[in-house]
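Below is a short briefing on strands, a helix and charged side chains. Look at the sequence and the structure first, then read the points.

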Amino acid sequence: MQIAEQIRPKEMGDLFDQNERLRIPSYQRRYSWEEEHFTDLWDDLNDIVPDGSHFFGTVVFMSETHVAQGMNEIDIVDGQQRITTISILLCAIRDYLQENHSEKEIEQRVETIEENLWIVDRDGKRQGMRLVLGNLDQDSYENLVKSYNDEIDNEKIVSAYEYFRGKLDTECSSLQEVKNLHDGILDQLIYVSITAKGHSEAYQLFETMNNRGLSLSPIDLMKNYLLMKASNRKNTDEERVEDLWGDIIKNIESISAIHNSGTTFFRQYCMSSSLLGINEKITESKLYEPTFTDTIDETDNIESLLEDIRKKSGIFQRLLQQKIERFSESENSEINRLLRDAEIVSITPFTFLLRAFSESDDVDVLKGIIQKSNALLIRRQICDRNTGPHDTIFNHLAQNAFKHDDPLQYMDDYLESEGRFPADEQFIRHFTREDFPRTDRTKYILSKIEESHLGHGGKEVVESRYQVHIEHILPERHGKNLIKLWLDPFDITEDEHDEFKKKIGNLTLLEEDPNIRASNRSLEKKQEYYTEDETDFKMTHKLQDHTKWGISEIETRSEKLAQAAVDVWSL
């Protein structure tokens, strides 16, 4: 296939004025543009000079047989985010015109926009929407096109629409400016259209474009390679492959706000899968090639492989969303609380957790694996251990622990060998010296010590009904009050303040209101908010008895908390 023969430079108006329905297949990513992308598009449109143009990029389509009469349907295999955004902007322009100008002034313009959004026959009857999004986005997009704005559930689509409406309200002072904007979209946005016939040709296009500098994500490359291979295998149902891939993407994109879930899931699937049996760290650079390409080439049954990936993507989704529901109510609650802890600590052990929740229904084994994984990573993080081996550690455990009768014992033996699990003395030493920032991990560490050593009753600090804050006993911020109420009375130098203000011994937990009121007050005033009437945290109650809070008090409390931490994060 000669790529040059496929290239057609076009104006955007051509795309919105032809007898073709644009379809975003279910296996494509959901609409995901953020404000930075909207801003770039808006600025580009407003920077176009009257006789100029703006290159909108390359759009890759996939089409089967083209018919002269009737409505053709073509798939957008690259460019769906841009085209969807332009369609949302057209809706915003239409609604702005209808709300701010008389019907007579805008009748023809609104009719033109409707023709951009709908395919109409020669009698002016609507034959269907011009753009059809994937299953998860379509209902909201259709409601937007139909002006049912109160029924739009998709936050990304709402965000795009509201951004453009805001810009139209604040930056377009006349009807002519809005008309010019619409004309600019249709006449001055120039794109290169490339049309492939079938997945095999589309894959070759993507490979060539990628090799020539178009940056494609590993997930895009994997999808195209998969569909190309499926189209070339006689015993493979291509539609079934598309549906399975679509289900996988739907599962992992439902948690995309939490993590870069696509590449994270596929890396962890490959490293945990019993089907693949990979015994090495898979980096993002190796995910597509050779890992995924070799896997597809070597499998006898692409559909069976995808069914396994789909199943594991569902487990991965439930793990990251802490929605395990396979046990009793109390057991599910405890498992999900531990998973919430694990996510705060690191995403890395989810390689092992994915395998564990695929292999075992033993609650004690699963709880033990999560707790031991958290203990390992907290110790290694505090002791400044290199994070490079973490993927290798959890890959090894995923591939080997369940080959033994007692996975927890195997885990203990493996972690305790070759110094993988930092010793108590080293952990205590580093724990007392560590600077702890205002993060969920610091809240987690303080809360686990509170729960385990002070009989707090298991409050889930990060997601409790309280807005829990990290309280610096010796105030963190500089100022006259700091010197007058703290440094001078307790013989603390400014250098010592900078060194010790973030040590664990100077930190405690307070609910939002008493923390705000305590602020930079004196020790005596702060202690009024450390009482049982103000806070539920027992570690904070213990601070009421101090008449002095200097460096020695911080060091002493750091040592005590470090001794408690050794017990909390142990095997």
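A residue is buried under 20% relative accessible area, exposed over 50%, and partly exposed in between (1.4 Å probe, protein chains only). The model is predicted: local features need pLDDT of at least 70, side-chain atom pairs count only at pLDDT 80 or more, and totals for chains, interfaces and linings use all residues. Residues are numbered from 1 along each chain as its sequence is written, and side-chain values use heavy atoms, with hydrogens and water left out.

**Strand 4**
- Helices (H or I, at least four residues) and strands (E, at least two) are DSSP runs, numbered from the N terminus.
- Six of the seven residues of strand 4 (residues 72–78) are buried, so the strand is largely enclosed by the rest of the structure.
- Strand 2 (residues 20–23) runs parallel to strand 4, and four bridges join them; two strands pair if DSSP finds at least two bridges between them.
- Arg21 has Glu73 in strand 4 as its bridge partner.

**Salt bridges**
- The structure holds 36 salt bridges, each a side-chain nitrogen of Lys or Arg within 4 Å of a carboxyl oxygen of Asp or Glu.
- Arg21, Arg23, Glu73 and Asp75 form a network of salt bridges.
- Arg379 and Asp424 form a salt bridge, with the closest N and O atoms 2.8 Å apart.
- This pair links distant parts of the chain, as Arg379 is in helix 17 and Asp424 in helix 20, 45 residues apart.
- Arg379 is buried at 0% relative accessibility, whereas Asp424 is partly exposed at 34%.
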